[in-house]
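Me: I keep running into labels on this structure and I'd like to know where they come from. Can we go through a few of them?

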Amino acid sequence: MSPTTTRVRRLIAVAGATGLALAITSCSSERGTRQASAGGEKTGTFVFAAASEPVALDPAFVADSESTRVANQIFEGLVSIKPGTAEPAPGLATSWSQTDDGLSYTFQLRKDVKFSDGTPFDAEAVCFNFERWYNWNGPLQAENISNLYQLVFAGFKTSDNPALTKGIYKGCAAQGDAVTITLTRPYGSLIPALAISSFAMQSPTALKQYKADDPGASGDVRRNEYSTAHPTGTGPYLFESWEKGQRLTLRANPTYWGGKPKIDKIVVRIIPDGTARLQALQSGEIDGYDLVAPADVQGLSGAGFQVLPREPLNILYLGMNQADPLLADIRVRKAIAHALDKQAIVSQTLPAGTKPAEQFIPPPVNGYADSVATYDYDPAKAKKLLEEAGAVGKTVTFNYPTGTSRPYMPSPEDTFVAIRTQLEAVGLKVNAVPEKWSPEYLERIKAKTDHGLYLLGGTGIMNSADTFLGIFFGRKTVEWGFEDKKLFESVAAARSARNLAEQGEKYATVSKELMDLLPGIPVAHPVPSLALSPRITGYVTSPLAAEVWNTLEIKG
Amino acid sequence: MIAFVARRLALVVPVLFGLSLLLFVWLRLLPGDPARALLGERATQEGIDRVNHLYGFDRSLPEQFLLFLERLARGDLGSSIRTGQSVVGSFFERFPATVELAVAGLGLAIVVGIPLGYFAARRKGGPLDHLSVGASLLGVVVPVFFLAYLLKYVFAIRLGWLPTAGRQDVRLDATHPTGLYVLDGVLTGEWDAAWDALLHLILPAMALGAIPLAIIVRITRASVLEVMNEDFVRTARAKGLTRAVIRRRHVMRNALLPVSTTIGLQAGALLAGAVLTETVFALNGVGEFLFTAVNHLDYPVLQGFVLFIAVIYAVVNLLVDVSYAVIDPRARQR
Amino acid sequence: MSAPVLAQEAVPARPGGTWRVALRRLLRRRSAIAGGVIVLLFTVVALAAPLLTPYEPGSAEWAGKITPSSVPGPGPGHLLGLDSFGSDLFTQLVYGARQSLVIGITATGLGLLVGALVGLLAGGLGGWVDTLAMRVTDVMLSIPALLLAVSVAAVMGRSPVAVMIAIAAAQVPVFARLLRGSMLAQRGLDYVVAARSVGVPTSRIVFGQMLPNSVGPVIVQATLVLATATIEVAALSFLGLGQADPTVAEWGRMLVKAQARLESAPHLALLPGACIAVTALGFTLVGEALREVLDPKTTR
Amino acid sequence: MSLLDVRNLRVRFTSTQSVSTTAVDGVSLTVEAGEVVALVGESGCGKSATALALLGLLPGSARVEGEIVFDGEDLTTLNDRQLSARRGRDLAMVFQDPMTSLNPVVPIGVQITEVLLRHTGLSKAAAGARAEELLREVGIPDPVRRLRQYPHQLSGGMRQRVMIAIAIACGPKLLIADEPTTALDVTIQAQVLELLARLARDHGAALLMITHDLGVVAGLADRVNVMYGGRVVETASAPELFRRPMHRYTRGLLASIPALDSPRDVALTPIPGSPFDRLPWESGCSFASRCAVADEACMVPDLPMTDDSPGHRHRCVHPGGDAPVPVSVTTREPQAPSGGGSPEPLVRISDLRVRYPARRAAVTNRPVEYVRAVDGVSLDLPRGRTYGLVGESGCGKSSLGRALLRLEPVASGSVLFDGVDLAGMRERGLRPMRRRMQMVFQDPMASLNPRQSVGDILELPLRVHGVPGGRREWRAKVLRTLDQVGLPRAAEHRYPHEFSGGQRQRVGIARAIILEPDLLIADEPVSALDVSVQAQIVNLLQEVKRTLSLTTLLIAHDLAVVRHMSDTVGVMYLGRLVEEADSRELFERPLHPYTVSLMSAVPLPDPVAESRRERIILSGDLPSPANPPSGCPFHTRCPFRRETRCADEVPQVREVVPGHRVACHWAEDIAGLS
């Protein structure tokens, strides 16, 4: 026998033996001690499937939902959200007051709160955070890094970009258990805005120790040591470990001021494929995932899983680009509005419980108008309007995205098909232009003028019309293709209202105006839902998806 | 032998250079603006310009290429636009998952395919032959991701025998010194972790291994049939050797030569298949990352990963050539 | 001059060139017949699609009957029920054959054309043309075919044309190598030397003599690519590339789209999946049989 | 009792289409212990199938009937396991092609010891020692090193020695050798045949020798069985068979082959037709369709064997009897120099060199080492004459032929064709010249484009050279040429694969002569053909040459064929011309030691002559042309080698006797010796 074959045979024998040993040991270990402890852990572990990896754990730099979800467990802001609603509620600040001019806010801080590294949470810590944000410069002023800070506070202490020098932040003053934030000009949404996780309080010690604002070796501040390994907050859970691409583990914070959470451990696991998330839940490998596809809702609840709908804080609309001469005609826009059977679109393509939309903001949001012009489903009227406009048989371009699923637009392709059918029924021809969501479609809508009808929308990051009307209609954009100075001024005025009530009124007016101008048609407020294993109890959904998991319990 | 390896290596270098040039030009031809992909639906033009400047997309193409080469020489392939992670880092973070999957898939294909091909050839025209030829045809014609879904549906959902996704039950607190989970379990003595990781590998390996399996069966069968007709096998029989010796020393050792070449070529298909399989089974490997990169036009990642995959492909084929030379003394001289 | 032979040998009465012989051998194979029948059926369905179904493809006429969690199954008027957009599933499948055929044939044809041209130039001319062509194909072959197709499709944007070009591009180096290798093998054969010795010009040797004898493997590969194309279209769809309009009757897209309803309506995925597999099987069977028939090892 | 007694052996092959072909149709033969028995026949006659049936090595599709009694035991009743215990131990076999018969990926040591380990109780170490001994016995130097080597590292002759070592390893009672020397050069063939015979004798084994070459048989066999069409048609002791061949086939075969000692100026008597590729002999004599004297009596089913004399049996209705083997009465015309008496040769080759790249650089792919295939050859082809070029494989004779036609690039030297130097010409300028020089190739199948009909193949040269007259004229010319080469006109529409080997070679000749060239180069024109067909082609070439007054360069390794056809003969060794003379002169008085040994190595189909002559068996193998020996290239194998000059001085070609040129330092001495 040749030496080679002998060697090969020995190898096979060894491999076989190893395999056998492995099988035997694994069988026996089922009764062993390790399995028992693992079993014990199982009941104490909540496994959640994320659709993608969190970008960063320093909430100041991120706005994506997966990062935010984790940040919500580790960090808390001065303001929190009343569970089950979008309402601001006391957080690390137990109460607050503002001056009439809307330029000064005083927060009463919660006592005896410590960051998880032992640093006390106090007024100095609060000011440290505010000053940190305000002093960011250089690459940290990039739109993708400090996106939300720029949105709310509009500028930094210094900047090369003149547009970023006119911020609303003026200063922070610590007064014992209270802290006062002063502004350069009024901003009506400050309180709801401070509930956004980007403005959560972080431990000054940890921020300094791990150089939170230093780009570090990776050259990206979102990937520095602090943001990937040492996020330190006051929240109910502590960061434990992050195996990139695989899982992220959190532990219960034993010294949480609100009491130690009932669940010991949270594992966030990354499953990008929607069907795979569904199946992992069905087979018991995970305990929950977000954004259930409309098609799966019935099956899941039928099989005993919890499908928890969130009150929608979003809008799906059909935009009508007025750079297109056909759509510039208000009669055509109105005709299209009357041609849409929103109820049918909802029942055919959107999750159960979704309501048709009448305004560009969802009902719970401050600024929702009492009554606006409505356009009922009326094909006959639509046809008549088209005839008046001489648009019967004309071809309208219809842009829609493919291969994407947004919380406000779970299946744009289906929605497109449904709308197309209705438009054709009233005598319009549709030239469908499907494009991949990112970047082609977004570019087509946001940067180019050659789009017609299109599907888009948005989800609110706070309970403020700012995140809807403020962003959509604050200035001239190629998206809508119209210029209406009066409208833009009204939006600006609403934005800088002195308080919430004033802001609500002003935005209600804007919303009313909009429905007369009809730049697009609000279609629906799709209900995003979350699926949970039946063994999880105590989950309270939040319209802002800002759930904190310290209320959860695991049965059995 | 060393000269042989050196010669083969020397041939790889120009290919890789050509590839980087090609990739570079190619990806810059991509429509769309990665900055927009990054900043999302509410991006402003200033923001986009700033990102473009940050990543050097506003420079001239030759300049960008030189920059790219210079960084490449330092082993720096840039960082992902989407996540900011370094391309090299994220590749190696995810590489173990892909290695494990590819090894399992290919291993399955080899371990099942070679004996199946052999016995199909021995019983040519028999039921086993028809079965394996038929199965190997099916393996090639069913789209990989469809097969993956079917396998998952049947074995994980309907029958519940195997896990649906992931590499390991995340509730197990296993330690991962190497990132190859099965091996980790064995190394650390956490047998339940190893076993669990193994269970997680079965379905993905089946889905990914289907095409190589089909091809290996077919090549082995054809190759065995051919070798069995060779004069030296007749000589071996004329010597009165036992069947076992004939099979092992005379038939298989020769029949495996074309099979080993095929295995090398399959490595490429395997890496491509991993893009599909990893996505379906949420394995968070290189393939899945690449899939996401394609969807987000993450240039640096696309460029870096395709380059890496080409290198791996080249290395695997180099190894195959070397192993070929080990089996076949004639090849050593070439 | 009188023949110096004593008895004339009878020339065997089996007329026909090598192609006809190959065809005869092909028709003796059961697998080839099966494959041929599948391919034929598929072609007929594709061509006669409007006659087979009263409906228009992608019309979404019955969208009103669809909800996110249910689609009507087979019933009167709809042989296989509706798809998730509210189009007739049978109609979509029938027209899907058209798409597959068009994409497959165009992609293969394109890959064949470009690849064969490169191979022909390389194999026929040799020298630096050959070296250059081979280095370029080396580079292309260093990326797995599907990844190559993905990169190309990504460049080209989302259109059926992009898919065709992507699939074709991935095959170009394969065709080029095949034809070149086959030509080089011919170049050493005596009949080519004989043609040179007779004084046949090089171009005429390449086109008139070497090329016809070298196309066998290329034809086999082309048949197999028809199968691969059907599958790759599906894979590209899965990766979010390719035909963008969701309602266009294309099996790959239908399959990908139906993954979302795998639980409630598995037939939406199974039927287009089966169509892809069976079509690919048909081409593969024919291709494999052709390979065996045209293989010089089995011919002599 | 005979050692081997085969009775009425039948082998049928069944294929899937339920068509069965009979390969062996009732063969009976015996082999006595220690006897050397030959089984002679052309390809397809069933001789190899018979041999394989003896060892039970036929493929699964074969059905074997009849009895094979070996050593008192009917082998057909044994199962494969029982048979395998006897194979390699009691019966051993040496196959035709030692390249393919040895496993390329297993060291030869293992291939020898595995048979020892299987059949003897030897330990691994003892088997290794025995293997070493065996290699020494078969004459392989440095056996310890060789045992570790792989087949591709050995030369053809060595490989066959290894095969023989394997066969004799366990001391078999019967050694079967199936065409053991067909794949080898003639000088090596002589070595191997001698070795086989000696070993069989030394080990007391019987030898069953299977061959198509009557010459091989004559010197070796005690008894000869002639097979045709699946049957043994004649059996006799070797001297008896060659003296009194009875069966018409045996007689035809003997008449059709030229031999080194047969008269030169006669045409050969070919057997018409070609050996069956299918066996149509449901009844009657299988040879009847090709037999000149066949009549109805030959069509009797199951013709019995007739006893002619003790031990001489045949199966012929019209046996030849004592009459000498017929040779054709047509004497060839005397060789008069033709070509209008011009003393100028048609072709004058001076110092021609041809080289091939042997090794290329890794990246640039440029050649860095060359094989010198033709290394400075000068020779003339006189008009209207046939110049025969002989030598063993790799000696450069084919390269020379091709370079002459500029089908290979010429490295240096000149080729004057009718005064024009072809060597430096461009392809375009060469084209008109090509019309005047044509080539016939060795492998008729490979040299015909399989996708063109014979008509197209023949028309192509006319078209390319723009022969006036247009298609109609061309076609007429094609038909005339078909007549000329003895093919039916219907062949025009047929494709090459539809013809037998001999017919294809006729097509090849037709293509070469259709332009009525001045020069014809025939490169091994008959070596790929069956013995009985060779004579047809040889005659055809002679005929054609005569009618068209062609100047011919005949390249062949078969000395008998060259002698038969050539006026002048050149001998090549390792790229050089070593000897050149008028054909008669050369064969009667060879002056170069290589020519002498070459001629002595050729077996004669006459046991008497064979036993009388003294043979010079060359030692060693042909050196590699990439790395030829210094000095005289032949000195490593030369039996006349001397200490001085041979190893360091290259001998120049010089005229030793008028008209006789030799490249040997000691030619004069050798002339005296022989």
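Predicted model: local features only at pLDDT ≥ 70, side-chain atom pairs only at ≥ 80, totals over all residues.

Me: What makes the pair A:Phe398 and A:Tyr400 edge-to-face?

Reply: First, the total: the ring rule gives 50 aromatic pairs over all chains. In the pair you picked, the ring centres of A:Phe398 and A:Tyr400 are 6.4 Å apart and the planes stand at 85 degrees. Centres have to lie within 6.5 Å, and planes over 60 degrees apart count as edge-to-face, so this pair gets that name.

Me: Why do A:Phe398 and A:Tyr400 count as buried?

Reply: Buried means under 20% relative accessible area. A:Phe398 has 0%, so it is buried. A:Tyr400 is also at 0%, so it counts as buried too.

Me: And why is the pair C:Phe42 and C:Trp251 called tilted?

Reply: The ring centres of C:Phe42 and C:Trp251 are 5.9 Å apart, with planes at 45 degrees. Stacked needs under 30 degrees and edge-to-face needs over 60, so 45 degrees lands in the tilted group. This pair links distant parts of the chain: C:Phe42 is in helix H2 of chain C, C:Trp251 is in helix H10 of chain C, and 209 residues separate them. C:Phe42 has 7% relative accessibility, so it counts as buried. C:Trp251, at 3%, is buried as well.

Me: How do you know that S13(A) and S17(A) pair?

Reply: Two strands pair if there are at least two bridges between them. Strand S13 (residues 314–320) of chain A and S17(A) share 7 bridges, in the antiparallel sense, so they pass. In one of these spots, A:Tyr317 has A:Leu456 as its bridge partner in S17(A).

Me: What makes S15(A) a partner of S17(A)?

Reply: 2 bridges join strand S15 (residues 395–402) of chain A to S17(A), and the two run parallel. The rule asks for at least two, so S15(A) qualifies. Here A:Phe398, from the edge-to-face pair, stands opposite A:Leu453 in S17(A). S17(A) itself is mostly covered, with 6 of its 7 residues buried.

Me: How do you know that H9(C) is mostly covered?

Reply: Count the buried residues: 27 of the 37 in H9(C) are buried. Helix H9 (residues 202–238) of chain C also bends by about 50 degrees at C:Leu211, and C:Pro212 follows within four residues. After the helix comes C:Gly240, with a positive phi near 85 degrees.

Me: What is in the largest nonpolar core?

Reply: That core has 142 residues, and those with the most contacts inside it include B:Phe145, B:Val251 and C:Leu236. Its largest share, 15 residues, comes from helix H11 (residues 243–281) of chain B. Apart from it lies another core of 121 residues, A:Val113 and A:Tyr149 among them.

Notes. Residues numbered from 1 in each chain as written. Chains lettered and ligands numbered in written order. Heavy atoms only, no water. Bend = angle between axes of the 7 residues up to and from the residue. Buried < 20%, exposed > 50% of the residue type's maximum accessible area, 1.4 Å probe, protein only. Phe/Tyr/Trp six-rings, centres within 6.5 Å; stacked < 30°, edge-to-face > 60°. Core = buried A, V, L, I, M, F, W, Y, C linked by side-chain atoms within 4.5 Å.
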